[in-house]
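Subject: Structure handover

Dear colleague,

Please find the structure below, with the sequence. My notes on it follow.

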Amino acid sequence: MAPGKKGILERLNAGEVVIGDGGFVFALEKRGYVKAGPWTPEAAHTHPESVRQLHREFLRAGANVMQTFTFYASDDKLENRGNQLGFTGAQINEAACDLAREVANEGDGLVAGGVCQTPSYLSCKSETEVKAIFKKQLDVFVKKDVDFLIAEYFEHVEEAEWAVQTLKETGKPVAASMCIGPDGDMHGVTPGDCAVRLVKAGAEIVGINCHFDPMTCVKTVKMMKDAVEKAGLKAHYMVQPLAFHTPDCSCQGFIDLPEFPFGLEPRILTRWDMHQYAREAYNVGIRFIGGCCGFEPYHIRAVAEELATERGCLPAASEKHGLWGAGLEMHTKPWVRARARRDYWEGLKPASGRPLCPSMASPDGWGVTKGHADLMQQKEATTQEQLKPLFEKAKTH
């Protein structure tokens with residue numbers, strides 16, 4: 001960490017608002033640098049300029065945290081189901097740390113090294129084996145001296161606990177966020193119980209990321225906060241949701257939606273939705289507020305603009321964005337100039353432009369999780385013989 005920069009806990013302990021960045025795998029998939037399916041972050045090694053630019057855009061939009069592009073960068077994930085890359089997770093993670101640090105040093109940014117759920121856990125490998133995977137990633141983060149650590153995107157609290165316990169060995173601050181909703185983890189452990197277990201495991205910051213829309217995630221973090229306080233424990237709280245509306249999602253979130261992952265655009269939140277999200281998160285006591293899949297820099301800018309008074313500043317990107325559409329005052333058309341006001345955008349009900357589309361979908365919800373035969377992972381590519389029963393099962397849902 002650069003001299004004079006306050007650490008994550010120092011900022012949160014002082015009551016400051018910390019703004020996270022957005023969703024790298026989805027953003028870079030759309031830009032042509034990530035393959036949907038594996039969702040692995042080799043672009044940090046193969047196309048560093050793409051990752052560096054996205055970091056810069058989030059920093060300019062107001063983000064305080066540059067999270068390393070290390071999602072799914074464990075070796076067991078990099079070689080899962082025929083994904084052959086030709087280089088190691090360590091190479092990817094080192095490149096990701098260097099890129100995040102370079103951009104963080106261009107502003108008041110902190111670098112967070114991140115680990116997430118593993119194929120090994122889904123395949124019922126032992127605690128020792130799963131922790132060894134986290135430790136291997138952690139060695140890079142220690143070598144590169146990241147500012148703090150995030151264990152994110154966990155569907156099972158047990159695996160999240162193992163991750164936190166491993167990360168705590170460094171002595172660095174640890175945040176833990178699960179990709180669950182109000183119904184709890186994939187084995188039915190409530191959000192409150194998950195949070196208590198993660199705090200007891202050593203996490204100083206707990207919360208939710210991914211799988212659900214902002215308001216659902218805020219609601220879930222509120223459940224966590226209530227349970228932690230009831231247990232007489234102390235923690236800070238974080239939320240990094242999807243930028244997609246998910247009112248029709250079940251326990252596993254947007255992965256169950258038939259639109260996942262290539263038809264989600266009609267569900268994306270507007271920048272004005274993000275203002276509402278940021279305010280709601282702040283009001284329930286969350287101070288680490290960011291985004292996950294679907295979040296683009298303009299979404300993070302909206303969060304920063306909504307909380308500008310609390311933060312005492314506007315982001316650099318606001319130079320090109322009049323608050324609540326004020327820039328439209330300069331538009332050539334009078335009816336567009338008439339939209340340069342807050343009440344217009346707050347009251348807008350956007351149309352989809354798709355006359356035959358339903359407002360809700362029917363999630364697949366196969367109800368399988370760790371231990372089920374369908375979730376046993378493999379190094380070899382998925383075969384046609386393995387796909388056939390899945391195609392048939394999909395027809396019945």
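**The annotated cysteines**

C292 is placed in the loop between β8 (288-289) and α13 (297-306). This is a predicted model, so please read everything below with that in mind. With a relative accessibility of 12%, C292 counts as buried. Leaving out residues up to four places away in sequence, C292 touches G22, G23, N209, C210, Q240 and P241.

UniProt, in an unreviewed entry, gives the feature "binding site" at C210, C292 and C293. These positions are spread over 84 residues of sequence but cluster in space, with a largest C-alpha distance of 6.4 Å. C210 is in the loop between β6 (205-209) and α11 (214-230). C210 is buried as well, at a relative accessible area of 2%. Again without residues up to four places away in sequence, the contacts of C210 include C292 and C293, two further cysteines, C179 and C217, and the aromatic residues Y153 and F254.

The record, again unreviewed, also lists "domain: Hcy-binding" for residues 6-307. Over that range the chain is 45% helix and 12% strand, and the end C-alpha atoms lie 19 Å apart.

**Cores**

The largest nonpolar core has 101 residues, and the members that touch the most others are F69, V239, F254, Y277 and I286. Helix α6 (residues 89-104) supplies the largest share of this core, 8 residues. A second, separate core has 12 residues, among them L12, I150, M238 and F288.

Y277 has contacts with P214, M215, V218, V239, P241, I289, G290, F295 and V303, not counting residues up to four places away in sequence.

**Aromatic rings and charges**

Searching the whole structure gives 19 aromatic pairs. One of them is F24 with F69, a tilted pair with 5.7 Å centre to centre and 35 degrees between the planes. This pair links distant parts of the chain: F24 belongs to helix α2 (residues 24-31) and F69 to the loop between β2 and α5, 45 residues apart. F24 and F69 are both buried. The ring centres of F71 and Y72 are 4.3 Å apart and the planes are at 45 degrees, so this pair is tilted. F71 is buried, at 14% relative accessibility.

One aromatic cluster is made up of F26, W39, F244, F254 and F260.

Two charged side chains sit over rings. The charged end of K77 is over the ring of Y72, 4.3 Å from its centre. R287 lies over the face of Y282, 3.7 Å from the ring centre.

**Backbone points to check**

Which residues are joined by a cis peptide bond? They are F260 and P261, with omega at about -5 degrees. P261 is in the loop between β7 (236-240) and α12 (271-283).

Y72 is not a glycine, yet has a positive phi of about 60 degrees. Y72 lies in the loop between β2 (65-67) and α5 (75-78), and is buried at 12% relative accessibility.

C124, also not a glycine, has a positive phi of about 65 degrees. C124 is in the loop between α7 (119-122) and α8 (127-143). Is C124 buried or partly exposed? C124 has a relative accessible area of 41%, so it counts as partly exposed.

Regards

Notes: Residues are numbered from 1 along each chain as its sequence is written. This is a predicted model: local features need pLDDT of at least 70, side-chain atom pairs count only at pLDDT 80 or more; totals for chains, interfaces and linings use all residues. Side-chain values use heavy atoms; hydrogens and water are left out. A nonpolar core is a set of buried Ala, Val, Leu, Ile, Met, Phe, Trp, Tyr and Cys residues joined through side-chain atoms within 4.5 Å. Buried means under 20% relative accessible area, exposed over 50%, partly exposed in between (1.4 Å probe, protein chains only). Helices (H or I, at least four residues) and strands (E, at least two) are DSSP runs, numbered from the N terminus. Contact means heavy atoms within 4.5 Å. UniProt positions are given in the numbering used here, feature names are shortened, and annotations may be inferred rather than shown by experiment. Rings of Phe, Tyr and Trp (its six-membered ring) pair if their centres lie within 6.5 Å; planes under 30 degrees apart count as stacked, over 60 as edge-to-face and the rest as tilted. A charge sits over a ring if NZ of Lys or CZ of Arg is within 6 Å of the ring centre and within 35 degrees of the ring normal.
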